[in-house]
Amino acid sequence: MTTIDASHPVLAAPERRRPIGLLLVAIPVLLVIWLIIWPIISAVIQTVWIKTPDGGGAVSLETYRFFFSDSYSLSNLSITLWTTGVCAVLLLVVCLPIALYLRFSDSRVAAYVQGLAIFPMFVPSIILSFAFIRVLGPNGTVDLVLNAVGLPKIRSPYLTPWGPVIGLVWDNIPLTVLILLSGLGNVSNQAIEAARDVGAGRFALLWHIILPRISNSILVAISFAVLGIFSAFTLPYVLGPAAPEMMGPFMQRTFRELFEPQTAITQAVITFGFCILFGLFYVRSVARNQAP
């Protein structure tokens with residue numbers, strides 16, 4: 001017959017397992033510290049600690065002062081913010097109707113729409129850039145079709161600020177649709193039917209029932225999209241103009257062509273500063289969802 005020792009309560013078992021759980025999370029935590037946290041701290045130190053002519057070192061904000069006083073650097077930061085903002089708005093305008101259709105449609109067509117919406121996830125950015133050039137570039141497919149029917153050519157967005165916008169929106173559609181679709185799973189059919197029973201129209205359903213329940217999902221989707229777009233490199237490098245350029249190509253050119261690593265690191269730290277604001281939105285949203 002099994003007996004229970006009163007001096008060792010049942011809660012002692014989880015307490016004994018606690019060191020094992022801490023050891024399991026210790027490895028990923030150490031990797032994050034080693035591969036992410038420490039490089040960030042090191043980069044910030046390199047930008048504020050400069051070598052003096054006598055061989056010593058001193059704390060200085062000269063690299064930041066140069067960035068925010070240089071018109072070309074500020075124009076690159078402005079075009080990056082503009083591209084990120086326009087992409088975020090377009091993603092919400094494009095992806096929210098798709099997610100709503102996928103959530104409330106039971107037709108077979110919805111499965112094909114979902115497949116098409118997720119398809120860009122499996123297309124590498126360089127192939128997307130090549131396809132964009134062949135279709136919307138000068139003398140591309142669109143121009144050939146317009147010329148065949150006697151219409152004038154369109155002004156190609158290739159090598160303009162709208163080139164990266166089109167490519168980045170197309171590239172971020174899958175993740176945005178999946179996050180919004182996950183959030184729409186919290187909207188019950190009973191709530192929709194109850195609202196319809198009291199006479200709510202489609203706009204009222206969207207504004208008063210659906211959007212309040214997926215506001216966190218919208219915030220998470222936009223945060224993820226903004227983080228990826230702000231530091232994007234391939235699409236802005238291939239499809240965007242030479243000047244002004246987004247921060248990704250700007251950092252690469254400063255580092256490899258101008259051989260100014262400290263300036264490039266300063267640009268990276270400033271980019272990280274903008275990205276961390278949207279990262280905090282995501283962390284706040286996750287913490288609010290997990291709050292009891």
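Analyst: Let us begin with a pair in a helix. In this predicted model, R65 and E62 are three residues apart in helix 2 (residues 62–69), so about one helical turn separates them.

User: What makes R65 and E62 a salt bridge?

Analyst: The cut-off is 4 Å between a side-chain nitrogen of Lys or Arg and a carboxyl oxygen of Asp or Glu. The closest N and O atoms of R65 and E62 are 2.7 Å apart. That is within 4 Å, so the pair is a salt bridge.

User: Why is E62 called partly exposed?

Analyst: Buried means under 20% relative accessible area, and exposed means over 50%. E62 has 42%. That value falls in between, so E62 counts as partly exposed.

User: How many salt bridges are there?

Analyst: The count comes to three. One of them joins R196 to E193, with the closest N and O atoms 3.6 Å apart. Both residues lie in helix 8, three residues apart, about one turn of the helix. E193 is partly exposed, at 40% relative accessible area.

User: Which residue does E245 meet in a salt bridge?

Analyst: E245 meets R253, at 2.9 Å from N to O.

User: Is E245 buried or exposed?

Analyst: E245 has a relative accessible area of 8%, so it is buried under the 20% limit. R253 has 21% relative accessibility, so it counts as partly exposed.

User: Why do C95 and C275 count as buried?

Analyst: The limit is under 20%. C95 has 0% relative accessibility, so it is buried. C275 has 14%, so it is buried too.

User: What makes up the largest nonpolar core?

Analyst: This core has 43 residues. Those with the most contacts inside it are L91, L168, L180, L184, I210 and I214. Several helices each supply at least two residues, among them helix 3 (71–104), helix 7 (162–184) and helix 10 (215–230). Apart from it lies another core, of eleven residues, including Y64, F250, V269 and C275.

User: Which residues does L91 touch?

Analyst: Leave aside its neighbours within four places in sequence. Then L91 is in contact with L96, V169, N172, I173, T176, A225 and I229.

User: Why is T176 called buried?

Analyst: T176 has 3% relative accessibility, under the 20% limit, so it counts as buried. T176 lies in helix 7. Beyond its neighbours within four places in sequence, T176 is in contact with L91, C95, A221 and A225.

User: How do you know that the buried residues of helix 4 line one face?

Analyst: The buried residues in helix 4 are A110, A117 and I118. Seen down the helix axis, they fall within an arc of 90°, so they line one face of helix 4. What covers them includes helix 3 and helix 7.

User: What does the face of helix 4 turned away from its buried side carry?

Analyst: That face carries the exposed residues R108, A111, Y112 and L116.

Note on methods
Residues are numbered from 1 along each chain as its sequence is written. This is a predicted model: local features need pLDDT of at least 70, side-chain atom pairs count only at pLDDT 80 or more; totals for chains, interfaces and linings use all residues. Side-chain values use heavy atoms; hydrogens and water are left out. A nonpolar core is a set of buried Ala, Val, Leu, Ile, Met, Phe, Trp, Tyr and Cys residues joined through side-chain atoms within 4.5 Å. Buried means under 20% relative accessible area, exposed over 50%, partly exposed in between (1.4 Å probe, protein chains only). Helices (H or I, at least four residues) and strands (E, at least two) are DSSP runs, numbered from the N terminus. Contact means heavy atoms within 4.5 Å. The arc is that of the directions from the helix axis to the C-beta atoms.
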